[in-house]
Amino acid sequence: MRTSQYILATLKETPSDAEIISHQLMLRAGMIRKLASGLYTWLPSGLKVLRKVEQVVREEMDKAGAIEMLMPVIQPADLWQESGRWEQFGPELLRINDRHNRPFALGPTHEEVITDFVRKEINSYKQLPITLYQVQTKVRDEVRPRFGVMRAREFTMKDAYSFHLTEECLAQTYQRMHQAYCNIFERLGLDYRPVIADTGSIGGSVSHEFHVLAESGEDAIAFSSESDYAANIEKAEALAPTEARPEASKELNTFATPEAKTIADLKAKHGVKPHRGVKTLIVYGTPDENEQRGLVALVVRGDHELNELKAEKHTLVDSPLEMAKEEDIFAAIGAHPGSLGPVGLNMPIIVDRSAAVMADFVAGANNNGEHHSGINWDRDVTDYQVFDLRNVVEGDPSPCGNGILQIKRGVEVGHIFQLGTKYSEAMNAGVLGENGKNQVMTMGCYGIGVSRIVAAAIEQNNDDYGIKWTKALAPFELAIVPMNMHKSHRIPDIAERLYSEFKQAGLEVLFDDRKERPGVMFNDMELLGVPYTLVIGERNLDNNQVELKNRRTGEKLMLDINEAVAAITAQIRS
RNA sequence: CGGCGAUUAGCGCAGUUUGGUAGCGCACUUGGUUUGGGUCCAAGGGGUCGCAGGUUCAAAUCCUGCAUCGCCGACCA
């Protein structure tokens, strides 16, 4: 490719709405342009990278025995009604009507469509197990799109679905997919971790996420210092403290706190250390037979955070978890948030394990502008349950029993699930078993955020000059940069000759034939992240030499012109 | 969905307080100059100042409404 006939589209200045480095560099390097919030056009060099990711994904999926197919983006509403997700998925499901006013959805994922396909096409246990996949555009009307293609409303995803007769068979395929995912991220040269995950809106039992480690990641991951244990923080269990609760040593006391409504206020104005107090969060309980929801109090230590996913797993707590409205709280307790506590509270009380081993602690007195000190469980509050409610924090013991937890941030680029029969049962997808009887299939599903990987890879591979692509992802393998070609007789000849020889050798080469100053060309090639640049200049031509620069290492290598093509091709292919 | 902010040329921004017929840098076009790390000089093209309505002799500027985009929040009582 010649730059004069290409859309390089590099930018000197950073567009003001790009927050994270990958978004900035993708815009500056001319990979993407925004069309509207969360919607991006891929320019030629961006698309090249995207296709490289797809290619690696395809090869590894094929190797793992999956079969590629392609399903529509537009999906009829009745399939979603059948699975129950037309209601459940919420506003993230972008809905449209056709000209006959029939409802459709733009597919955020394809469990419904694939299950419908398989129930029609697969009739016998002899055809199982089978794993099908596609690389396709997904649509999710995100609450808050951000970070460019990292969290977009339209994005490219590889989604695979497997169908089985038994749980054991599913577990085997799941393991094979897990391995395929490791192979993919390995080949892409990413620093990644598989972590134990929650199943979220997709459903199922066992699940792992694959995270690319990056400061800008939207997820927190807890790692053991001693073992392979890694889990999304929303899933990591906070173990019960091993030490016993100290004896009560203080009397229950009430003190005025007119200005203190938060844990931070209590610390600033009354010297109460956050870990010596608790916070009491009021949420709605599970509806009773009349569809009425009562209130439930959740108590965590002042310096801890409530984990909503854990809380909503408690049978008394409504799912999805919803914080009680202020007027409902006042109606039930007679006090406003900021002065709430477990003492004398007339509703179910669920206490986090760490809060349950506190003694002589501080909490709101359920009277505006008052707090209690010297509170003790079983003496001052008798009716309560203990449950894991909080997010783990750095330094907590690892749930695996080995080591302590460290917390890092990650970008979720893959997620695999053992779904079980959630969809196959709802949609009546079965096959005839060996015994001649109908049997519901067991399913797994496996997703990779293809377009997100492009951004995640940049988060991990950049410097002050731009992107530093790994071999597997670079849009071009080599750039030819001739110095002041238009002023020289020899340089155009040599550049053209080398260019065609590299093409002949099958290399993806970008020939910068613009009439630009050397600095402009170097900067553009470095911004775009081309791994190798071949510099052709008068200076070295007298010695019959050209110079090869390595983008990642900065290394420079002088090569004889006549050996350059063979040597460089060998190096890049190695 | 709530709070805050922004919207002026392809990009980055000034001008808005105090109303008077729109500007800077980059990019683009032309000519010259320079040439191994974003040259310099000159000339030029490009804007219904987000949209709609209002106030006024006069609106980018003041008022009202709407839209779009972004940030923060949507547990921390």
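Reader: Which residues of α15 are buried?

Author: This is a predicted model, in which local features need pLDDT of at least 70 and side-chain atom pairs count only at pLDDT 80 or more, while totals for chains, interfaces and linings use all residues. Residues are numbered from 1 along each chain as its sequence is written, chains are lettered from A and ligands numbered from 1 in the order in which they are written, and side-chain values use heavy atoms, with hydrogens and water left out. Buried means under 20% relative accessible area, exposed over 50%, and partly exposed in between (1.4 Å probe, protein chains only). In α15, the buried residues are I561, A564, V565, I568, T569 and I572.

Reader: How many Å apart are the end C-alpha atoms of helix α15?

Author: Helices (H or I, at least four residues) and strands (E, at least two) are DSSP runs numbered from the N terminus, and the expected span of a helix is 1.5 Å times one less than its number of residues. Helix α15 has 13 residues (561-573), so it should span 18 Å. In agreement with this, its end C-alpha atoms are separated by 19 Å.

Reader: Is D116, which meets K120 in a salt bridge, buried or exposed?

Author: A salt bridge is a side-chain nitrogen of Lys or Arg within 4 Å of a carboxyl oxygen of Asp or Glu, and D116 and K120 form one at 2.9 Å, N to O. Both residues belong to helix α5 (residues 111-121), 4 residues apart, or about one turn of the helix. K120 counts as exposed because its relative accessibility is 55%. D116, at 13% relative accessibility, therefore counts as buried.

Reader: How many residues apart are R151 and E218?

Author: The closest N and O atoms of the salt bridge between R151 and E218 are 2.9 Å apart. This pair links distant parts of the chain, with R151 in the loop between β7 (130-139) and β8 (154-164), E218 in the loop between β10 (207-213) and β11 (219-224), and a separation of 67 residues.

Reader: Which element supplies the largest share of the surface near RNA strand B?

Author: A residue is near a strand or molecule if one of its heavy atoms lies within 4 Å of it, and of the 46 residues around RNA strand B, R144, T262, K279, P337 and K549 come nearest. At least two residues of this surface come from each of β1 (32-36), β14 (278-284), α13, α14 and β29. The largest share, 7 residues, comes from α13.

Reader: Which side chain has an N or O atom 3.0 Å from a base oxygen of RNA strand B?

Author: Of the RNA strand B atoms within 4 Å of the protein, 49% belong to sugar or phosphate and the rest to bases. A polar side-chain atom of K34 lies 3.2 Å from a sugar or linking oxygen, and a backbone N or O atom of G519 lies 3.3 Å from a sugar or linking oxygen. The base oxygen is 3.0 Å from an N or O atom in the side chain of N540.

Key:
A polar contact is a pair of N or O atoms within 3.5 Å; within protein, one must be able to donate a hydrogen and the other to accept it, and residues adjacent in sequence count only if both atoms are side-chain atoms.
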